[in-house]
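Me: I have a protein model to go through. Could we discuss it step by step?

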Amino acid sequence: MPLFIETEKEWDLEDLQYDFEDSLETDRWLDAPPDIKELFHEIEWNIIDGEHEETSDLIHPALDADVSPRTLVAGPMATGIAEVGRRFKMDEYFLPEVMMSAKCMHSALGILKPLIVAEKSEDIGTVVVGTVQGDLHDIGKKIVAMMLEAAGFTVIDLGVTVPPEDFIAAIREHDPQIVGFSALLTTTMNMQWETIKQLKAEGMRGDVKVFVGGAPISQGWCDKIGADAYGVDALVAVEKAKACVQEYRDIKGGDPALHGAMLALDAERVAQQAAKLEAVASG
Ligand code: B1M
């Protein structure tokens, strides 16, 4: 039975601006056994420090202690790379440091991917994913792709900087139910829109449900460009993708009814989270 450790909260990461000792004092992962809490802080600090071998070395003891691969991805790996993003934004880090930290994420994901994907038991559909043209960021897209695979999808990952015509060729070749565009830059998010426009121009918009995601992407952007679903994170993307091939399989891509159904899933999740919080607060 894997250890349950809360990862869904939006943590205060201020301690990551100081040092490891400060992290030991935060309330992040207080529900974990103390040695696992410490291990998580070591993982996040090794990602921040760009130590990829050490990061990989710490993944195995966590797995041996029954921490699930998903908890590692959503827990210390997410907080570590978030702090790297903050440092980059504040000019405390430059590209070489960010590249070292990205290498840590890739090394850890290399260990975790086969374990996550091994959860796949049935084939429920096909998804084509890629990072849009001009954009080299692929860590989040890889996480989404492996979670989709674990949920039963066959995933065709086209890689990074994928031009619209390559998405279109892959849709023709693989006939997926879903196509997903990842974008991490405000300068490349427009390529999600361009790709949708080209899908329409080819008369293919109804053939496929379009998902969008990535740090600068929002529900408002999804609405504006006429995508069907926005995935704020990998778990939400999987929840919506499953709904698209199950209860909403007969609704075509681009149909406002599908967009409405995806929004209803968000509303339902928010209501459930609020009810959970209320239950905790009232003891
Ligand atoms: Co870049 N970078 N980077 N970078 N980088 C950002 C995105 C930035 C926000 C950093 C900052 O300023 N704080 C900033 C963008 C600013 C902006 O556009 N306004 C930035 C910049 C500026 C750049 C360069 C332009 C820097 C330069 O050259 N001067 C350059 C661009 C290169 C290019 O793409 N052409 C660049 C380069 C790089 C590296 C190569 C060094 C490296 C990428 C390595 C790699 O991916 N192989 C890198 C990194 C690592 C980052 C940060 C630090 C981390 C990104 C990441 O992996 N996050 C990032 C800071 C940040 O995002 N806060 C930053 C972790 C990942 C798990 O989250 O990708 O959001 P994320 O994915 C989530 C969700 O968004 C969602 O699910 C995922 C899992 O939960 N999701 C989807 C993602 N895709 C989805 C698709 C879906 C559904 C959900 O459906 C299809």
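**Overall form and charges**

Me: What radius of gyration does the protein have, and what would a compact globule have?

Reply: The protein has a radius of gyration of 19 Å, which agrees with the value near 19 Å for a compact globule of 283 residues. The radius is taken over C-alpha atoms, and the globule rule is 2.2 Å times the number of residues to the power 0.38. This is a predicted model, in which local features need pLDDT of at least 70 and side-chain atom pairs count only at pLDDT 80 or more, while totals for chains, interfaces and linings use all residues. Residues are numbered from 1 along each chain as its sequence is written, and side-chain values use heavy atoms, with hydrogens and water left out.

Me: How many helices and strands does the protein have?

Reply: The secondary structure comes to 11 helices and 5 strands. These are DSSP runs numbered from the N terminus (helices: H or I, at least four residues; strands: E, at least two).

Me: What share of the residues is buried?

Reply: Buried residues make up 48% of the 283 residues. Buried means under 20% relative accessible area, exposed over 50%, and partly exposed in between (1.4 Å probe, protein chains only).

Me: Now salt bridges. How many does the structure hold?

Reply: The structure holds 14 salt bridges. A salt bridge is a side-chain nitrogen of Lys or Arg within 4 Å of a carboxyl oxygen of Asp or Glu.

Me: Which residue forms a salt bridge with R28?

Reply: The partner of R28 is D15, with the closest N and O atoms 2.8 Å apart. R28 lies in the loop between helix 1 and helix 2 and D15 in the segment before helix 1, so the pair ties together parts that are 13 residues apart in sequence.

Me: Is R28 buried or exposed?

Reply: R28 is buried, with a relative accessible area of 0%. D15 also counts as buried, at 8% relative accessibility.

Me: What about R70 and E119?

Reply: Their side chains meet in a salt bridge (2.7 Å, N to O). R70 is in helix 4 (residues 69–89) and E119 in the loop between helix 5 and strand 1 (125–131), so the pair links distant parts of the chain, 49 residues apart.

Me: And where does R205 lie, and where D228?

Reply: R205 forms a salt bridge with D228, the closest N and O atoms being 2.9 Å apart. R205 lies in the loop between helix 8 (190–201) and strand 4 (209–213), and D228 in the loop between helix 9 (219–225) and strand 5 (229–231). Both R205 and D228 are buried.
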